[in-house]
Each structure stands twice: as structure tokens, then as C-alpha cells.
Amino acid sequence: GLFVTDYFTRTPRKLSPFRSFASIELFHFHIPEDTVIAVWNLITFKEQGGTFGDQCPDRSITVYFRSGAPSVINPLHTHFPRDTAVPGSFALTLTWTLPNRTTGVFNVTSPLPGDWFLAAHLPKDEGKISVKGLYEECQYLFQPQLIVQRLVNIAVLYPGHVTEQSMAPHNRSCLYKVFVPSYTSRVLVEVLRCRGAEGCPLWLRVRAKAPPLHNSTTLDCREHTPCQLAQDLPFWQHWYYVLVEKHPGVPGTVSFQVTVQLTDCSRPSLARPPFLPSSASMNMPHSFGSAGGLALGDSPPPTSLNDTKHPVPIPVTLHTEERCWPVRPTLRNELDTFSVHFYIFFGPNVSVPPDRPAVFVINLLPVLDSGGVLNLELRLNVSSLCGENVTVFGCLNHGVPLTSGDNTSVTCETESLAGFLLSVNATASLSRLRIPYPQTGSWYLSLRSLCATEHGFEPCTNVTAEVYLRAYLSPCINDCGIYGQCKLLRTNNYLYAACECKAGWNGWGCTDNAEAFSYGFQLLSTLLLCLSNVMFVPPVAIAVRSHYLLEAAVYIFTMFFSTFYHACDQPGIVVFCIMEYDVLQFCDFLGSLMSVWVTVIAMARLQPIVKQASVLYLLGAMLLSMALQMDRHGLWNLLGPSLFALGIMAVAWTARTIRRRHCYPPTWKRWAFYLCPGALIAAAAVLLYAFVETEENYFYIHSIWHLLIAGSVGFLLPPRAKPSRRLGPLPRRKGCGYQLCVNEQEELGLVDPAVASINSICTS
């Protein structure tokens, strides 16, 4: 056949360590129909500071693949919530082959068409809290690329028509496809009039949705006469691919005929007519996409030597179990994103008769509905059983309804299909099922009632069970509970939801408490973070005693908002918020930075030098507010104002030292007992905050940070001079000249103003 190659790529994204599904990077691809091979090229490279990260450590990268919906992954091996079905997926781990780059390849032969999703993440780290901008962080970027090779002009088989084919010696196989409409209970493929050098040296393979593989349903025509391959309960509204493959080493040309017969289960006494002239009668797509194919509504093409289509009668034996029951639709009611309720007409109470199943269909829209959780709930009305030991079995399956072939079967699977089994009875009257990230399309629910006897389950007589049925789509499982937050995430144009757990809880629905914080631990951490702010009371008292009223007001502001911010910032249930979280966080950060600013400006003693020193306080408040609004977690939000204030203090101290020709502050006691200890305490606090703090030790390391910062303020805040007696105005000399008055105590920077008398030296 003729192959066409398509190429798809995605923008590189930064990978994060795995904590929950909210921390993974999700990539969405679409594989076209008739694809014979798909190759994913997985490119990963390191970056550090805008250059290649050759010095970054090698960290393994795990990539997950799934068709139809995102992968439900569990790398931490946590417990899933009860009644949760976990669909499978492929996983691949990438290792590094070069210092800063590695490439992996993932091949899928005959992939299923439609949506494919890739999820990638780094291993879980130790949870270190790093200051943004402190050092160049190692970034691991991941970029997937997809190359698909698909067949064009695949020959289409029409039910009831025979297609003649001659396979040349250099050809190995012939590929066909046939569309299976709804209400089809069986697909029968048959090879007729096979002539070759060694009898009929052909393999017959059939597969749904994609070309057959080596492990698909296979029949050896040399060992079976007639060569018929049947598929019971085929997927509705899908293509089925038929591969006729020649045995290796067979010489010469092999000629054969192939035909397909579909059984209409809605009319068990009839097979589908050989040819239906309208597209509506067969419920088939309007275009087959193959050159020379038959467009619905047209007449059959003229016959040829190698490709002859004409109707032939094929006897089909219909069994009573091949009958399908009416499928009741559901009404879709969209409330919000991933919040959809499916209502049953004349429901939600459903009557399940004893002689036949009740079948319902739930349609999930492509792409839109695969990012949530499909929830199903069955509740049995015990009063409707009339004292009988009745059990209602429900079978939920994707693509086709699964109804038991006999009246006593309680299974929900066949050789090629597997569904989800639910049951309710008088003892357990409630049953739930949750499917995270369900595949889109049609989901069928079949309900049957059976009576339990000594010999097993048997059909009930004259008992119609009543079941309350509820089906809905939700963003997360139980809204992630009280220890989690359901987040709506987006990757390009695809939306999905995931839980982000807190307080040590884990799992898909934040229900795994293996590492959960106890209530006592949560209360202790909250009290430590809140009560450690009481350490600001001594600096407030010192500031008031020294007449630093503005500084005292800033310290009170910081103490108040830091206390209530940490009371609101707790991950568990010990939480108390007096305002919105964002307001508390902004005020806490602003108060912390303003405390540093006003303390250093007060140490500079600018009042004798700059008459309007209050301008600096106001300017600092405005600039800090602007910086926090831009980035609250940046390093320069703390370092920039601190360095600027320290520069002002250094200039003021240097000016005094030059003018007085003596080091300022002049006393060694001020340096030894106040400035040096305060600076060391502040430096220790900064080191703890920047390099030691992690998520596990946050509650006590950050509490120590509060204590050290407040303690350093008490040491660094300078004393304010207090005159012991009121000085009157000095007489001015007559004539020209100037007068310079210097306060000796303020120049000396003494701790206690009472130890020295106040003398004014006036020079003119």
C-alpha cells in the first residue's frame, strides 16, 4: 500500500518532582486512523542559568502513555479510594546517555486511533524550600515528538459482498476494513475459493479500531475449512480491520475471495441485507476514504478481474442470546467544567424485570470529558423485592453492552472484552464505582436481576427489582476530601483535574493517611508558628521606650499579620483565617520587609543630617509594596531593600566618622554587646531561612526564624537621646557669623542617655 508520514511536536516544558498528578507535565497527541506505526522521540535536556546544565545531577525521568485518556499513575504506591477502578498504561524510564542531553524512543505498532496522552515527571525530592533567585536552579526540559506512518487507500469490505483478490508472489498480505454499526452482535469474516500452491496457505486476522497485530484474533486457513473467523459482541460505530497474510515461503500466486457478514441483533431473525443503499440505514460514515471505494448511496462499482463485489447469500445461524435489548438513552446536563449529570428518562428509579436486562448508555464527549471522574451509584429499593433473595448485577462496559449469554451468568467479561461488575442486594443495597480519567465515547450499563438459590443464581419469577441509578461526571473523587484541593489544570487546549493533598495525606483522592499528620502535630505546628511572633513584644517595648513610635507601629503590624497569616496558612484542619489568604500573605511579607527597612534607617540616625527622614520611610513602603506585587517570593524583594538601607546607614556612619575623625559608633560596648550580636543573630536567621528550611521541618525552622529576627531587632535598634533638662534658646551673637550646635550624646551613640550630661558646644 501507499504510506503517508505525519510529524507532530510539542514545546519543551520544565519537569517537576512528583508529588501528585497536579505536578506532572501532560502532553496531548492525536493519532489518525489507519496508522500502522507510531514512533515517539522523547528528548530531554538540562539547563542551568540559560546554558547547558553539564553540572546538574542525573535524575531519571518517567514517561507514561495511554490511549483515550490521561494515565492514572501511582509512582508513590499510595492507596486509591474505595470503589475506584484503575485503568492501565505504559511506562518508560529515561536514563542519561550524555552529560546534558538524552533521547528515548517508544514505538507502538498499529496504535489505536484518536487521542493519546503522555505524562512525564521527575522522582520525588526531599521537599527543600529554596529562595527564588538565590542560585541557578537545574531545570530538566522534556520535549516529545511523534512520527506516524499511516496507510492510505485501504480497501473497504461491504457486508454481504464478495471481494476477489490475487496475491502476487512478492506480496505478503492484503489489508481490508469494514465498518460495524450499532446493534451488531457478530462480525463473521470468511475466506472463500482459496487457491494456492499448498492448498490455502493464508492467515486470517481481525482486529477492531486498528490494523491487526501478531497477537490479534487469528485463524489458519490450512487447518480450518471453511475459513471463518467470528467476532462476537464487536465494538459499535468502529472500523474492523481484516488482514489476510500469506505463509512465509509459499511460492506462486494465491487467489481467494473474502466476505464479511454482520448480524443485526435488533432483528434476531434477520441478517443485515447484502447491500444497503443509504448511509442512514447502516449508520456508517459518509466517506470511506479509499480510492475506488463505494460511496454510500451510489451503485456498486463495476466488476474487475482482481476485485469483484457481488452479493452472495451466506447462511448465518442466529442464537437466542444474539438478541440485543433496547438501549435507553440518558439526558446530559452540564453544570460546570467536569460537572455533568446524566439523567434517565422517567428516572432515576429504574425497574429491572426478571426476564430481560435493562440497558442504558452514557455518552462522554471526546477530549472534554476524559479529564474528570466518571461516577456510578446503584441503590436497591429493598421494599420492591417482596421478600425474595434478589441480587441486581450491573455491568458497565465501554464501546458495546455486555449482556450474559445465559440467564445465570454473573460475569462481566468475555475473551476480548472486560467490564466493571457491580451488585446490590438486600444486605448490601448500595454499590459505587469511580473511574478516573475515563475513555470517551459510549459507556453501556446492563442491569439484570437474579435470585440466589442453593444451586447458585437462577432467573427470578414475578419479581421486578427497583434500583436508584445515579451517573455523573465530577472533577475529582469526593472533591479531594478535607485534606486536599481539587485543581483544574490545562495543557494547551486540554483541561483536566487532579487532587493536591496536604498535611501528609496522599493518594488519588487524598485518602491515604500512611504519612498523615496527626491532629496534635497540626495543633503544635500552628501554635509554634503563631506564638513565636510574640518575640516581637520586647522590640516593641524597646522602641516605645526609646521614642521610636513609627518603628514600634511597624513591629506591631508585623507581629499581628504574621500570626494570623500562619494560622491561615496551615495545611491541615487547624486553620483560622480572619481575612482572605492573599491579603494576609501580602501584609505578612510587607510587614517583614518594612521591619528590616525601618530598623536599618533608624540605625543610620538621619535626623540631624536629613531633616525630612520620614520621606525615606514612606518611599520604602511604596517601593516594597510595588516589589511584593510583582514577585512575593523573589530573593531581591528581601535583599534589595536591605542592601539599599544598609548603604544609607553606611553613608551616614561614614559621614559622621569623617567629620568627627573618630569611628562611629565610638564606644566598644555598643559594638560588642549590641551591634555584633544583633548582626550575628540576623545572619543566622537568614542562613536558616535560605539553606536549612524544608517542607518537613518548616514548622519549627520557621518558628526559629521568627525568634531570631525579632531578637536581632532588639539588639540593633539604637537608643534615642532623652534630654534630662529643658534647654532654653542660646543667645545669638550680634553681627555676621554662624552658630553650630552639636549634641555630644547623640554623636557618641550611647546606650543609656542618663550616663552622660547634655552639653551643647556652640561655635561661631
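**Pocket lining and helix packing in the predicted model**

Strand 6 (61-67), strand 8 (101-109), strand 15 (202-208), strand 17 (227-232) and strand 26 (390-398) each contribute at least two residues to the lining of the second largest pocket in this structure, which is a predicted model. Among the contributors, strand 8 provides the largest share of that lining, namely four residues. The second largest pocket holds about 1,200 Å³ of space, and of the 42 residues that line it, Leu 112, Lys 209, Phe 235, Ser 416 and Gln 439 are the closest to its centre. By class, the lining of the second largest pocket comprises 23 nonpolar, 15 polar and four charged residues.

Over residues 548-567 the model is 95% helix and 0% strand, with the end C-alpha atoms 29 Å apart, whereas residues 573-597 are 68% helix and 0% strand, with a separation of 35 Å between the end C-alpha atoms.

The packing of two packed helices is described by the angle between their axes and the distance between the axes. For helix 4 (residues 549-568) and helix 5 (residues 581-604), the angle is about 150° and the axes lie 8 Å apart; helix 4 is therefore roughly antiparallel to helix 5. The crossing of helix 4 past helix 5 is left-handed, and the contact between helix 4 and helix 5 is made up of 14 nonpolar, seven polar and two charged residues.

How values were computed
Residues are numbered from 1 along each chain as its sequence is written. This is a predicted model: local features need pLDDT of at least 70, side-chain atom pairs count only at pLDDT 80 or more; totals for chains, interfaces and linings use all residues. Side-chain values use heavy atoms; hydrogens and water are left out. Axes are lines fitted to C-alpha atoms, for helices over the stretch in contact, and angles run from 0 to 180 degrees between N-to-C directions. Angles under 35 degrees count as roughly parallel, over 145 as roughly antiparallel, 65 to 115 as roughly perpendicular and the rest as oblique. A crossing is left-handed if the near helix is turned anticlockwise from the far one by less than a right angle, and right-handed if clockwise. Ala, Val, Leu, Ile, Met, Phe, Trp, Tyr, Cys and Pro count as nonpolar, Asp, Glu, Lys and Arg as charged, and the others, Gly among them, as polar. On a 1 Å grid over the protein atoms alone, a cavity is a set of points where a 1.4 Å probe fits but cannot get out, and a pocket is an open set with protein on both sides within 12 Å along at least five of seven lines; lining residues have an atom within 4 Å of a point. Grid points are joined across faces, edges and corners, and a volume is the space filled by probe spheres set on the points.
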